Amino acid sequence: MYMKTLREVPTEAEIPSHILLLRAGMIRKLVSGVYGFMPLGWKTLRKIEDIVREEMDAAGAQEILMSAVQPAELWEESGRWSAYGPELWRIKDRNGRDFCLGPTHEEIFTDIIRDTVSSYRQLPMNLYQIQTKYRDEARPRFGLMRSREFIMKDAYSFDLDEEGLDVSYRDMYDAYDKIFTRCGLKFRPVEADSGAIGGKGSHEFTALSEVGESEIAYCESCDMAATLEKAECKDATPSPESETLLPMEEVNTPGTKTIEEVAGFLGLPKEKTIKALLFETFDEEGKHANYVAAFVRGDRDLNMTKLVNALDIPEHAIAFANEEEMGKTTGAVGGFTGPTKLHDCIKVVDSELLGLKNMCAGACKEDHHIINVNYGRDYEGDIIANLKVLKEGDPCPICGAPVKHTRGIEVGQVFKLRTKYSEAMGATYKDDNQQEHPIYMGCYGIGVTRTMAAIIEQHHDDHGIIWPISVAPYHAIITLVKPEDEVQKEVSERIYAELQAAGVEVLLDDRDERPGVKFNDADLLGIPIRITVGKLAGEGVVEYKLRRDADKSELPIEQAIEEAIKLVAAEGSGR
Ligand code: ATP
Ligand code: MG
């Protein structure tokens, strides 16, 4: 067995899954965000892949395998060659022709379908692959969690119409439920933004975990659950009809650059203030496009995803503005920017500000604010949109109960693409009247390597990994205490042979090491069943212990074997 465990915590690793995968010798870093899989890691990965494969096949999808290398021309057809940004790993061949290493495969699968599907009789169809993806992430980190090369299962469904897509989407959603359940994950499907992939209607499957990078808002009174990016925060109740619009008045507010400071200085609640957030946007060549000011009520946070969607630009095409630079052409003044005096920039106004009267905002003048600012009378927005983050405690957008937040790891996402790619790339079918229609598409991803890390985040303790049986590299490990003892050796080998014959995947630790070292390694590797063959072997007794339980028992050899076989039969598939 090729295996090398580490006692020390590797310095670059911060989260349990990263630390344990390295310590257990399951993965090996090549360069930042690029990992290789050693025998035990590869075995686990293949178990996860097999679960994915079984459930995809059962849902009627067919497996293919496409290349990671993709020609730029297809990405130009869909418009994503420029829209995708620096995460796209671009390469050139020796003749200077552009390619990328695929971060996802919508263009490729749409291309297959437009070339091969022409009639309604050929649909619906669902194709998938389990394949290596490349994303030149700005900050690769946490080992397999956010890497630059990773394994994804990506599926693409092709339907005649919206109703067909709904069925395909539902089937994939249900398959994902089964897959993540079988992998032993505690997870939650949540409504999601569809991001750079596009389309309308999406769910993320989120494995609940403190180290996760997805923030989720959910409600305990109804079934609302959404990523923070997607979650809708309801507008505040408008000011009463009876409240009269007061005349604007410039007030001296020295040194009050933050909302807290100005509200405190003027003795106003933060709800009576308007916060300005200043941005610069860039065109496809990365050159300055526009300045943007987003306005939300002072106590709110800006939802960047909603701002980017309102502006209809890619996420990477916007950054915080240099306020001084921006000030030269727009009148913005750091800490004192407000909507009334600002000019020559795109003003995006949160929807609730339209109904709120007599607000306080920056005066676009050092150390000054203006009170009694009113939408319509004193300023207008170029774009009105709901821009605010749904914070913990805010009313649920569905039922009004206070919302809660939690964190998780996005292990999968399903999207309704509808006709975004088929229209851009001309993937159509003819109905029985020879009329042409665009094909309705969905796409469905699972981060296979990220799922492996997520499983560890949910299944570990201070000593190591605690694999669910369905994905463990081996079901059982036999720890032979004294390899030089003939009786112990003979008993170990007999158990090994019997378990193997019964379909239990088993390791025999007959290394010439102290028992403590072997126990530590067995715990670190997370093998679910441990059978220890020691002093009592001559009397036909061994120790039986499950990695997930604290207690162990002494059992007759045959009973230990039976217990192991029973457990693997019950939990091996994770169903
Ligand atoms: P994230 O928001 O975490 O960057 P994403 O939404 O961009 O992910 P998708 O395009 O939905 O990712 O890709 C499908 C799945 O691939 C994700 O649900 C995730 O499990 C996995 N994945 C995406 N990026 C990475 C990465 N850098 N490393 C490992 N897995 C990833
Ligand atoms: Mg996603």
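1. Two strands count as paired if DSSP finds at least two bridges between them. The model discussed here is predicted. With that criterion, β14 (residues 274–282) and β15 (residues 288–297) are an antiparallel pair joined by nine bridges. Within this pair, F282 has H288 of β15 as its bridge partner.

2. β14 and β15 belong to an open sheet of five strands, in the order β16-β14-β15-β17-β20. The pairing in this sheet is mixed. The edge positions are taken by β16 (318–320) and β20 (383–385); each has a single partner strand, so one side of each lacks a neighbour in the sheet. From one strand to the next, the twist averages 30 degrees.

3. A helix covers part of this sheet's strands by contact: α9 (residues 323–330) packs on the sheet and touches β14 and β15. The direction of α9 makes about 95 degrees with that of β15.

4. Which residues are closest to ligand 1? They are R135, E137, R146, S147 and E410, out of 14 residues that surround the ligand. By class, the shell divides into five nonpolar, four polar and five charged residues.

5. Several polar atoms approach the ligand. A polar side-chain atom of E137 is 2.8 Å from a nitrogen atom of ligand 1. Q413 places a polar side-chain atom 3.1 Å from an oxygen atom of ligand 1. For G447 the atom concerned is a backbone N or O, at 3.3 Å from an oxygen atom of the ligand. Ligand 1 taken alone exposes 580 Å², and the protein buries 85% of that.

6. Which elements give two or more residues to the shell around ligand 1? These are β8 (149–159) and β21 (404–418). Strand β21 supplies the largest share of the shell, with four residues.

7. A further strand pair is found at β30 (residues 541–546) and β31 (residues 552–556), which pair in the antiparallel sense over five bridges. These two strands form a hairpin, with five residues between them. In this pair, V541 has P556 of β31 as its bridge partner.

8. One is the five-stranded open sheet with mixed pairing, on which helix α9 packs. Another is the shell of 14 residues around ligand 1, to which β21 gives four.

How values were computed
Residues are numbered from 1 along each chain as its sequence is written. Chains are lettered from A and ligands numbered from 1 in the order in which they are written. This is a predicted model: local features need pLDDT of at least 70, side-chain atom pairs count only at pLDDT 80 or more; totals for chains, interfaces and linings use all residues. Side-chain values use heavy atoms; hydrogens and water are left out. Axes are lines fitted to C-alpha atoms, for helices over the stretch in contact, and angles run from 0 to 180 degrees between N-to-C directions. Contact means heavy atoms within 4.5 Å. A residue is near a molecule or strand if one of its heavy atoms lies within 4 Å of it. A polar contact is a pair of N or O atoms within 3.5 Å; within protein, one must be able to donate a hydrogen and the other to accept it, and residues adjacent in sequence count only if both atoms are side-chain atoms. Accessible areas come from the Shrake-Rupley method with a 1.4 Å probe; for residues, only the protein chains shown count as cover. Ala, Val, Leu, Ile, Met, Phe, Trp, Tyr, Cys and Pro count as nonpolar, Asp, Glu, Lys and Arg as charged, and the others, Gly among them, as polar.
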